[in-house]
Amino acid sequence: MSTRKKRSIFDIMDEYFEDLEEWTEELEERFGEKPSWNPKNCTIEPLRDITVTPTEVIVTVDLPYAQEKTVKVTPLDKNTIEVSAKMKKKMKYGDFGITHYKGEFHTLQCRARVPVPVHIQKMKTSFRKGVLEIRLPRKDEHEIPVE
Amino acid sequence: MSEDVKIIEKKKIPWDATMVFGFPDVGLVGVIATSHLISELDLAEVAYLDSKLLPPLIVLHEGLPHSPIRIFGDNDLLLAVSETAIPADIIHPIMNSLIDWGKNKKVKMMISLSGVPIQDRQNAQELKVFAAASTPETLKTVHEEGIEVLMEGYMVGPQAIMLQNCAKTDFPALTLLAQCFVNYPDPEAAAEVLKSLASITKVRVDVSKLLEKGEEIRLRARDIMKRTQQEMTKMKKAQEYDIPVYVS
């Protein structure tokens, strides 16, 4: 007989809200309706792209003005990474002719959620022409035997 | 011309000009290239597009409102550019109205500037430019200039509408596509496409400033690139990676 851990209503609610938060983040990412400039944290969200191949997941991030030595990739959990880089020069809204917002930006920062299981600690990175490439080997979790 | 789309002329439009399109697409190649042409050739706004089909949107420049889709020009050149991603469901009436307007103005040729995405773009040593044309004669011109022809494949987006519309009436049109990033603004690809445009039209501009300002352009163009990605998904841009079944 299998033993199943009984979950309290609070666990279920916590899980529900976690899912809801994740879903909202996904919607924001998909529809791009949140500003890509964050004056509070002085960060600019760079563009990123995710490609899934049979053996690996390739995440690229476009990092204009990034100082190569400051580019940092941090695993946040088993399927999320955070990329950040200091910029070669501080940018202000005014540099783009914007006068109705105030803010100064010195860091590029974004998060990427990987859609399939990966060995996040085995990632390899390279930086070329201002584009960061992160290669994450996939986990073979769902192999179906061929009879 | 679609009744829902009007083109309002602000200045006298020259006849016999070359009409160039720079609309948001992969790598924003066309938008970046035409913006550079406008600034280098100091072109003035000669007309703008007004349509209820567009979202309720204006672009403010120096405190004054402008249509997001405008036509700039001088005596020889007309540039149709968009500062916003064009919603996939209205791209047909918008493009067809601009093309019909150009034909009415007796433009001698229409050229669309855009890109063709490649994998590992950041590792590419040089970027090729490909072309496709509306008529065999125009295609021959491209060949003579040494530009490689995009022989087989699908094309999705504003340039597809332009070629289809112009082919119907044997009107000379061509699209120049530089290898580029799919989802990142690509000033280097824009510079390459401008070099090919120069060989076809003799519209020559210095692209060194464009390359110098590359990082600024990539930072500034992130937001329009993001919105363009959403519209490209809706118009099934990924079909360009497919191999067509040949039906002669």
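Predicted model: local features only at pLDDT ≥ 70, side-chain atom pairs only at ≥ 80, totals over all residues.
Residues are numbered from 1 along each chain as written, chains are lettered from A and ligands numbered from 1 in the order written, and side-chain values use heavy atoms, without hydrogens and water.

Among the residues around it are B:F23, B:P24, B:I91 and B:P158, and helix 8 of chain B gives the largest share, three residues. On a 1 Å grid over the protein atoms alone, a cavity is a set of points where a 1.4 Å probe fits but cannot get out, whereas a pocket is an open set with protein on both sides within 12 Å along at least five of seven lines; lining residues have an atom within 4 Å of a point. Points are joined across faces, edges and corners, and the volume is the space filled by probe spheres set on them.

Now for the sheet. Chain B has an open one of nine strands, in the order 1-3-6-7-2-8-11-9-10, with mixed pairing. Strand 1 (5-9) and strand 10 (148-149) of chain B are at the edges with a single partner strand each, so one side of each has no neighbour in the sheet. Strands here are DSSP runs of E, at least two residues, and helices runs of H or I, at least four, numbered from the N terminus; two strands pair if DSSP finds at least two bridges between them. Strands 3 (44-51) and 6 (69-73) of chain B pair antiparallel over four bridges, with B:A44 bridged to B:G73.

What about the largest pocket? About 2200 Å³ of space lies in it, and 49 residues line it, with A:F96, B:V59, B:H61, B:E83 and B:R220 nearest its centre. Helix 1 of chain B gives seven residues, the largest share of that lining.

Finally, the two chains: the area buried between chain B and chain A is about 2300 Å², with 46% from carbon and sulfur atoms (accessible area, 1.4 Å probe, that two parts lose on being put together, summed over both). B:Y184, B:L219 and B:R222 supply 30% of what chain B buries against chain A, more than any other three residues.
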